[in-house]
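Subject: Structure handover

Hello,

Please find the structure below. My notes on it follow.

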Amino acid sequence: KLPIQPATKQKTRGQASSTHEPTQSASVLEIAESIHQSFKVSKKVHKTITAFFPASVQDREGRKVIGNDLVHATCTLGFEIQKRHRSEWYFEPTWKRNAPITIHEPHPSDERRFDTIRFEANKMARKYGWSNETFVLATSA
């Protein structure tokens with residue numbers, strides 16, 4: 001019989017930590033911080049954003065958002081914007097990295113439908129904690 005020896009493997013990545021302290025997720029902390037963030041925006045950007053985050057149900061009716069208005073508004077809010085495939089736009093905020101959103105251009109017309117606006121607003125609310133109170137109309141001096 002051959003003698004059996006236990007295999008030994010040299011550790012190359014250091015010792016494993018035996019204690020693990022649960023910490024709050026970084027994304028949860030970032031969302032909590034962004035909830036209190038507010039933006040002072042121009043009249044044009046405010047009109048576009050309030051279509052996504054109306055103050056009341058009545059304000060939601062009849063609002064139209066043209067594709068270029070959304071691109072302009074997000075650029076003003078500090079997003080880096082990339083045109084990807086055919087109708088896909090990639091928006092990444094400069095103030096919160098690793099939290100991009102992808103939005104598709106409306107087609108066949110250039111106007112966004114009500115259900116699409118609600119879907120995209122919900123996406124922005126989840127990612128950035130945005131609501132109607134987040135955007136304040138800047139006063140011109």
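I begin with Thr139, which is found in the segment after strand S5 (135-137); helices (H or I, at least four residues) and strands (E, at least two) are DSSP runs, numbered from the N terminus. Thr139 is exposed, with a relative accessible area of 75%. On this scale, buried means under 20% relative accessible area, exposed over 50%, and partly exposed in between (1.4 Å probe, protein chains only). Thr139 and Lys43 are 96 residues apart in sequence, with a C-alpha to C-alpha distance of 9.1 Å in space.

On provenance: this is a predicted model, in which local features need pLDDT of at least 70 and side-chain atom pairs count only at pLDDT 80 or more, while totals for chains, interfaces and linings use all residues. Residues are numbered from 1 along each chain as its sequence is written, and side-chain values use heavy atoms, with hydrogens and water left out.

Strands

S2 (residues 79-83) and S3 pair in the antiparallel sense over 5 bridges, where pairing requires that DSSP finds at least two bridges between two strands. The two form a hairpin with 4 residues between them, and Glu80 stands opposite Glu92 in S3. S3 also pairs with S4 in the antiparallel sense, over 4 bridges; the bridge partner of Glu88 in S4 is His104.

S3 itself (residues 88-93) is mostly covered, with 6 of its 6 residues buried. Both of its faces are covered: Glu88, Tyr90 and Glu92 are buried on one side, and Trp89, Phe91 and Pro93 on the other. The charged end of Arg84 sits over the ring of Tyr90, 3.8 Å from its centre; the criterion is NZ of Lys or CZ of Arg within 6 Å of the ring centre and within 35 degrees of the ring normal.

Helices and a cis bond

In helix H2 (residues 43-52), the buried residues are Val45, Thr48, Ile49, Thr50, Ala51 and Phe52. What covers them includes strand S1 (39-41), helix H4 (67-76), H5 and S5.

Glu120 lies in helix H5 (residues 114-128) and is buried, with a relative accessible area of 4%. Leaving out residues up to four places away in sequence, Glu120 touches Phe52, Leu70, Ile103, His104 and Arg112; contact means heavy atoms within 4.5 Å.

Pro108 is in the loop between strand S4 (101-104) and H5. The peptide bond from His107 to Pro108 is cis, with omega near 10°.

Aromatic pairs

The structure holds 13 aromatic pairs. Rings of Phe, Tyr and Trp (its six-membered ring) pair if their centres lie within 6.5 Å; planes under 30 degrees apart count as stacked, over 60 as edge-to-face and the rest as tilted. Phe39 and Trp95 form a tilted pair, 5.8 Å centre to centre with 50° between the planes. This pair links distant parts of the chain, with Phe39 in strand S1 and Trp95 in the loop between S3 and S4, 56 residues apart. Phe39 counts as buried at 10% relative accessibility, whereas Trp95 is partly exposed, with a relative accessible area of 28%.

Tyr128 and Trp130 form another tilted pair, 5.0 Å centre to centre and 40° between the planes. Tyr128 is buried, with a relative accessible area of 0%, and Trp130 counts as buried at 4%. Ring pairs link Phe39, Phe53, Phe79, Phe91, Trp95, Tyr128, Trp130 and Phe135 into a cluster.

Regards
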